[in-house]
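Okay, thanks for coming, everyone.

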Amino acid sequence: MEELRSAVRAVCDRFPDAYWRDLDARRAYPEAFVAAMTEAGFLGALIPAEYGGMGLDIAQTSVILEEINASGGNAQPAHAQVYTMGTLLRHGSEAQKREYLPKIASGELRLQAFGVTEPEAGTDTTSLRTTATRRGDRYVVNGRKMYISRVQHSDAMVLLARTGEAKPRKSDGLSVFLVDLHAAIGHGLTVNPRRVMINNVTNELVFTNLEIPAGALVGEEGKGFRYILDGMNAERILIAAECIGNGRWFVARASRRANEREVFGRPIGANQGIQFPLARAHVGVEAADLMRFEAARRFDAGEPCGAQANMALLLAADAAWEAANAAMQTFGGYSFDSEYDIERKFRETRLFQVAPISTNLILAYVGQHVLGLPRSF
Ligand SMILES: Cc1cc2nc3c(=O)[nH]c(=O)nc-3n(C[C@H](O)[C@H](O)[C@H](O)COP(=O)(O)OP(=O)(O)OC[C@H]3O[C@@H](n4cnc5c(N)ncnc54)[C@H](O)[C@@H]3O)c2cc1C
């Protein structure tokens with residue numbers, strides 16, 4: 001694992017703070033970083049070797065994403081290329097896998113867009129209204145999606161749409177498609193960018209009689225929600241690792257600042273008001289890290305890991321946020337100055353309380369599935 005960490009760090013070292021700061025100011029995509037990570041093979045981490053990938057497990061892959069964030073970067077574009085292909089890998093036909101996975105592993109094809117959320121269906125995914133209606137050898141898609149990221153930087157998108165009724169179960173009637181974005185944009189798909197608090201190109205999508213070939217369906221019609229759920233534990237573990245990377249970055253930066261910055265003739269870190277929040281943040285990050293590796297161990301051993309994956313993400317998102325706040329206090333006024341990078345990482349870290357899954361929903365999972373408490377929705 002140490003070898004893998006060093007190899008990822010070697011790539012990240014080529015992309016210092018100034019690189020990410022400049023992209024953030026311009027809301028630009030990290031093209032050069034993604035190209036370097038692709039060339040090193042890291043974005044094909046989870047793709048089995050027979051399809052041209054590295055064939056790493058979740059524990060190892062999580063370390064790649066952690067190191068990106070710990071270096072001061074933002075793993076989101078990398079994460080998307082690493083992970084979005086999971087639905088295809090688990091549920092796609094052999095022909096689809098042979099066609100797409102080697103190209104995703106080599107970077108020839110970017111599959112970084114994942115279209116689930118809708119204006120009327122965010123947390124409550126099974127109420128989504130975008131429809132895909134079968135007409136001969138095609139499906140016709142109508143509806144709207146909200147906050148769908150990286151569409152402008154992807155060749156293809158995984159789309160969840162309604163193909164049938166939500167009966168007998170609420171989760172029935174949804175299907176997954178692999179949409180060719182070049183064919184779709186301007187021919188039934190309109191992309192309306194939404195500027196958000198962080199450097200993540202995200203969009204509203206409007207589908208108006210978009211025609212996609214029937215062969216774009218992944219797996220069986222009507223089982224799409226279960227396919228998406230299947231990928232959730234892996235996603236939780238990977239996002240937890242990104243939070244841990246952020247937490248480590250904040251603690252390291254703030255500790256350095258607390259040693260160097262002198263006020264009243266001594267380092268500010270000598271004050272318990274500065275030192276203890278950093279120590280507490282470090283403890284939180286380390287505890288979350290243990291849960292991350294326990295969840296990953298279970299996942300990689302094929303054991304049930306829903307509870308651990310959810311708890312790892314909650315602990316990690318909270319620890320990173322606590323570390324972010326401690327770093328803001330340590331840097332004082334400088335924390336607001338973009339040249340110090342704290343405010344950029346602070347904004348990026350806040351996302352994980354809300355997306356891709358809100359911490360409220362993690363608590364609901366633990367309450368209901370781990371403690372046996374009544375359902376709240
Ligand atoms: C920067 C960014 C990028 C994104 N990228 C993507 C993407 O690429 N693809 C995609 O599909 N989506 C994406 N999303 C959407 C994201 O997944 C949703 O915003 C998120 O799932 C929450 O949905 P919502 O915003 O509709 O919140 P809502 O569903 O409106 O919920 C609002 C709040 O109420 C809480 N709440 C709702 N019901 C309950 C309950 N029963 N108990 C307790 N609390 C509850 C929620 O937890 C949340 O905090 C992105 C979002 C952002 C901000």
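Let's start at arginine 150, which sits in the loop between S3 and S4. One thing to keep in mind is that this is a predicted model.

You'll find arginine 27 in the loop between H2 and H3, where H3 covers 31-39. Here the neighbour count is 13 inside 10 Å, so arginine 27 counts as partly exposed.

Most peptide bonds are trans. The bond from lysine 167 to proline 168 is cis, though, with omega near -5°. Proline 168 belongs to the loop between S4 (156-162) and S5 (174-180). Another cis bond goes from alanine 355 to proline 356, with omega near 5°, and proline 356 is in the loop between H13 and H14.

Okay, strands. S3 and S7, residues 202-213, run antiparallel and are joined by nine bridges. If you want a spot to look at, valine 141 stands opposite leucine 210 in S7. S7 also pairs with S6, residues 189-194, again in the antiparallel sense, over six bridges. Over there, asparagine 192 stands opposite glutamate 204 in S7.

Next, H13, which is residues 342-350 and contains glutamate 343. Glutamate 343 has 19 C-beta neighbours inside 10 Å, so it counts as partly exposed. Leaving out residues up to four places away in sequence, glutamate 343 touches Ser335, Phe336 and Ser338. Which residues of H13 are buried? They are Ile342, Arg344, Lys345, Phe346, Glu348 and Thr349. Their cover includes H2, H10 (232-260) and H12 (306-331).

H14 has 12 residues and reaches 15 Å from its first C-alpha to its last, close to the 16 Å expected. Just after H14, glycine 372 takes a positive phi of about 70°.

Let's zoom out to domains. The assignment gives domain 1 (2-106), domain 2 (111-222) and domain 3 (228-370). The C-alpha centres of domain 1 and domain 2 are 23 Å apart. Their contact takes 17 residues from domain 1 and 13 residues from domain 2. On the domain 1 side, H2, H5, H6 and H7 each supply at least two residues, and H5 has the largest share, with four residues. By class, that side of domain 1 has seven nonpolar, eight polar and two charged residues.

Last stop is the ligand. There are 21 residues around it, and the ones that come nearest are Val116, Thr117, Gly122, Thr123 and Ser358. As for class, the shell has 11 nonpolar and 10 polar residues, with no charged ones.

That's my tour, so over to you.

Key
Residues numbered from 1 in each chain as written. Predicted model: local features only at pLDDT ≥ 70, side-chain atom pairs only at ≥ 80, totals over all residues. Near = placed C-beta within 6 Å. Nonpolar A, V, L, I, M, F, W, Y, C, P; charged D, E, K, R; others polar. Domains from an automatic or database assignment. Contact = placed C-beta atoms within 7 Å. Pairing = 2+ DSSP bridges. Buried ≥ 20, exposed ≤ 12 C-beta atoms within 10 Å, placed from the backbone. Expected span 1.5 Å × (residues − 1).
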